[in-house]
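Here is a short briefing to read alongside the model. Take a look at the structure first, and then we can walk through it topic by topic.

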Amino acid sequence: MRTRACELFGVRYPIVQTGMGYVSDAGLTAATAEAGGLGILSAGLLGYDELATAIERVRSATDKPFGVNIRADQPDVERRIDLLISTGVKVASFALAPRQELIAKCKDAGLAVVPSIGARRHAEKVAAWGADAVIVQGGEGGGHTGGVPTSLLLPQVVDAVDIPVIGAGGFFDGRGLVAALAYGADGIAMGTRFLLTTDSPVARQVKDVYLGKTVNDTVLTTEVDGIPQRVLRAGTVEKLENSSAPGRLVRAVRNAIAFRKLSGTSWSDLVREGLAMRRGGGLSLSQVVMAANAPMLYRSALLEGSADVGVMATGQVVGLIDDLPSCAELIDRIMTQAARVLRGFEGGARP
């Protein structure tokens, strides 16, 4: 089952593990790559030296291609791209659309550029700028997301651009892979499904919280960082939804101080990033301050196991997941089921 995405990324299967802060670490990325998919290391919450160390860990664990997800609005983004180039990373993934000159810099060095988008017009823009592929996430996907479901957004984008399109939002098995291919996509990307594997660094007690949720146990909220994102209806989220604006701002400032100490980020870099978010994302000053909540709230739940005080991003697909396979078991299961579904169609029987 080879697609243009397989050829572009140099991987065996058209399956992508998305870059998730505090989740897509070196271990999960390498495990996905070894299993034949495209693992993407999340760099958005890592300092430069931490990123360099994480890339080296992936490279020491696998000789398969992998990608790195970086934020286009970070002050040192060009230095990070230079690091990807010098270390032989295959794919530069962007959660926010990179500037045209950043795309050119990556492509000139042989990096495949893959932005994540949530609207047809965004796909058309980055394709015109030279992006090699796009990850298209529908509204049921986890984390920052839009309002158009994958079943409508995916065919829109496939019809609008001629580069490989990877569907994201709502995928977890072989049936979904076949459905995405039928829409004209070149593969699928999954976050929540890879979070719920034995290779994920997320605390086991938090994974158990995820496994106990239904498709109705998520909420699309702006209370975490001012931008709509889908998270579990649990822990701090309900408190944020019911708290006053002054209370949220005080909490955000407190978390910004904690994150600065933890990450070693300078105040000048934090201010520059905040101003870039305000310009690039059209955020108000209060929303920029609120965005300081996110890193510490995610870390509290995902790594420290404090599901009652943290925030847990998730897609609605969480309600269809009930086990914790390894990445190798998951990818093998998806490909086996996809092949069985396709054989069923060929035989004229229901798969």
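Glu329 counts as partly exposed, because its relative accessibility is 48%, between the 20% limit for buried and the 50% limit for exposed. Please keep in mind that this is a predicted model. The points below start with Glu329 and then move on to the chain, its cores and two further sites.

- Glu329 belongs to helix 16, which covers residues 327-346.
- The side chain of Glu329 comes to 2.9 Å from the backbone nitrogen of Ser326.
- Thr197 is 132 residues away from Glu329 in sequence, yet their C-alpha atoms are 9.2 Å apart in space.

**The chain as a whole**

- The protein chain holds 16 helices and 11 strands.
- It has 351 residues, and 53% of them count as buried.
- If you take the contacts between residues at least 6 apart in sequence, 62% of them join residues at least 24 apart.

**Nonpolar cores**

- In soluble globular proteins, nonpolar side chains tend to be buried together.
- Here the largest nonpolar core has 51 residues, and Ile15, Val157 and Tyr210 have the most contacts inside it.
- Helix 16 gives the most to this core, contributing 7 residues.
- Which residues does Tyr210 contact, leaving aside neighbours within four places in sequence? They are Leu195, Leu196, Leu232, Leu302, Met312, Ala313, Thr314 and Val318.

**A nonpolar patch on the surface**

- Met1, Leu342 and Phe345 form a nonpolar surface patch, and together they have about 270 Å² of accessible area.
- Met1 sits in the segment before helix 1 (4-9).
- Met1 is partly exposed, since its relative accessible area is 36%.

- Tyr22 is in the loop that runs between strand 1 (15-17) and helix 2 (26-34).
- Tyr22 is buried, because its relative accessible area is 14%, and buried means under 20%.
- Most residues other than glycine have a negative phi.
- Tyr22, which is not a glycine, has a positive phi near 70°.

Key. Residues numbered from 1 in each chain as written. Predicted model: local features only at pLDDT ≥ 70, side-chain atom pairs only at ≥ 80, totals over all residues. Heavy atoms only, no water. Helix = DSSP H or I, 4+ residues; strand = E, 2+ residues; numbered from the N terminus. Buried < 20%, exposed > 50% of the residue type's maximum accessible area, 1.4 Å probe, protein only. Polar contact = N/O pair within 3.5 Å; in protein donor to acceptor, adjacent residues only side chain to side chain. Patch = residues over 30% accessible without salt bridge, like charges linked within 9 Å, V, L, I, M, F, W, Y side chains within 5 Å. Areas by Shrake-Rupley, 256 points an atom, 1.4 Å probe, with all protein chains shown as cover. Salt bridge = Lys/Arg side-chain N within 4 Å of Asp/Glu carboxyl O. Core = buried A, V, L, I, M, F, W, Y, C linked by side-chain atoms within 4.5 Å. Contact = heavy atoms within 4.5 Å.
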